[in-house]
Amino acid sequence: MIDNPGIYKISMEEYKADPCIEPSLSRSIIKTLLFESPAQAKYDHPRLKDYEEIEDEEIEDVKKFDIGTAAHSLILEGKDIIEIIDPQDFPGAKGGIPKGFTTAEMKKERDRVRTQGKIPLLPKQNQRVQRMVLAAEKQIALCPELGIKNLRAEGESELTYIWKEGNTWLKTRPDWKSKDRKTTIDYKTTATSADPAQFTRRLIDGGYDIQESLYRRGGKAIDEVNTKYVFVVQETRPPYLCSFISLPPQWQEIGKQKVDYGIFLWEQCMASGIWPGYPNQVCYPDCPPWAMSQWELIAERIGL
């Protein structure tokens with residue numbers, strides 16, 4: 001267990017299991033505390049849940065984030081975690097190129113690859129990842145505000161920052177940090193649009209303003225520098241366009257307030273041992289203005 005604030009090079013599995021001497025806070029747990037419930041946050045935390053639910057859903061043939069994860073590893077670390085599964089190597093798949101792992105033999109091979117910590121991809125999916133990586137590297141090099149020509153030569157990836165504020169341990173894992181620690185990059189992929197105006201909704205829903213605040217706080221606590229934080233968002237469809245997004249000061253302040261309140265709630269729950277869920281009473285939510293307007297138009301049209 002880690003009992004000293006600092007920068008650590010640990011695996012993602014160790015990070016997710018929470019390596020701190022005491023249960024620590026991360027973006028996902030703060031987001032759950034604020035927008036779901038402390039009870040859900042307690043269950044989601046790897047060190048606090050009382051029991052493990054039995055999963056009964058089948059494993060997807062092609063995991064939703066496999067392509068993004070593979071591209072992430074290649075771009076930031078130069079690490080190839082892909083293993084290609086070619087349908088032509090499986091007798092039951094010959095005569096056509098399936099879009100997924102369609103035979104029992106292919107599914108067995110897919111599962112074997114995943115148990116080894118690699119990502120199974122079909123040949124066409126691998127081609128897409130390779131093209132994404134080339135496209136991202138070119139576009140990052142062309143962004144003057146970043147001033148980065150080679151990610152792997154000019155910085156480090158997957159560093160874990162651990163620090164303490166008051167009685168609370170916090171942790172975060174920046175995708176990439178420049179060697180002078182003044183620039184932080186978070187690489188995201190999207191199957192829709194990377195246009196900054198359209199990606200805003202995902203920033204909010206994902207709690208990425210919370211993440212941005214944690215990156216800044218961790219950088220200040222450990223590196224003693226103010227870091228510039230930029231999202232590099234790439235589309236997973238050709239021509240694999242990237243956008244570069246940084247939160248303005250007003251949004252940064254909102255993220256800071258969310259983290260502050262998350263720490264407050266966390267310390268209350270940890271001290272009391274009480275992790276409330278939803279109110280034990282009948283609630284009467286307000287009807288949203290858009291729903292009222294929608295019905296008023298319909299009512300007017302039908303003469304009510």
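Modeller: Start with pairing: two strands pair if DSSP finds at least two bridges between them. This model is predicted. In it, strand β1 (residues 6-8) pairs with strand β5 (residues 160-165) over three bridges, in the antiparallel sense. Across from Tyr8 stands Thr160 in β5.

Biologist: Which strand pairs with β5 over five bridges?

Modeller: Strand β6 (residues 168-172) does, again as an antiparallel pair. Lys164 has Trp169 in β6 as its bridge partner. The hairpin of β5 and β6 has two residues between the strands, and Gly166 there takes a positive phi near 65 degrees.

Biologist: What describes two packed helices?

Modeller: The angle between their axes and the distance between the axes. Here, helix α9 (residues 208-223) packs on helix α10 (residues 249-272) at an angle of about 85 degrees, and their axes are 8 Å apart. Angles of 65 to 115 degrees count as roughly perpendicular, and α9 and α10 are therefore roughly perpendicular to each other.

Biologist: Which residues of α9 meet α10?

Modeller: Asp209, Ile210, Glu212, Ser213, Leu214, Arg216 and Arg217 do, and their counterparts in α10 include Trp251, Ile254, Lys258 and Ile263.

Biologist: How many helices and strands does the protein have?

Modeller: The protein has 11 helices and 10 strands. Of its 304 residues, 44% are buried. Its C-alpha atoms fill a box of roughly 65 × 60 × 45 Å along the principal axes.

How values were computed
Residues numbered from 1 in each chain as written. Predicted model: local features only at pLDDT ≥ 70, side-chain atom pairs only at ≥ 80, totals over all residues. Heavy atoms only, no water. Axes fitted to C-alpha atoms, helices over the stretch in contact; angles between N-to-C directions. Helix = DSSP H or I, 4+ residues; strand = E, 2+ residues; numbered from the N terminus. Parallel < 35°, antiparallel > 145°, perpendicular 65-115°, else oblique. Contact = heavy atoms within 4.5 Å. Buried < 20%, exposed > 50% of the residue type's maximum accessible area, 1.4 Å probe, protein only.
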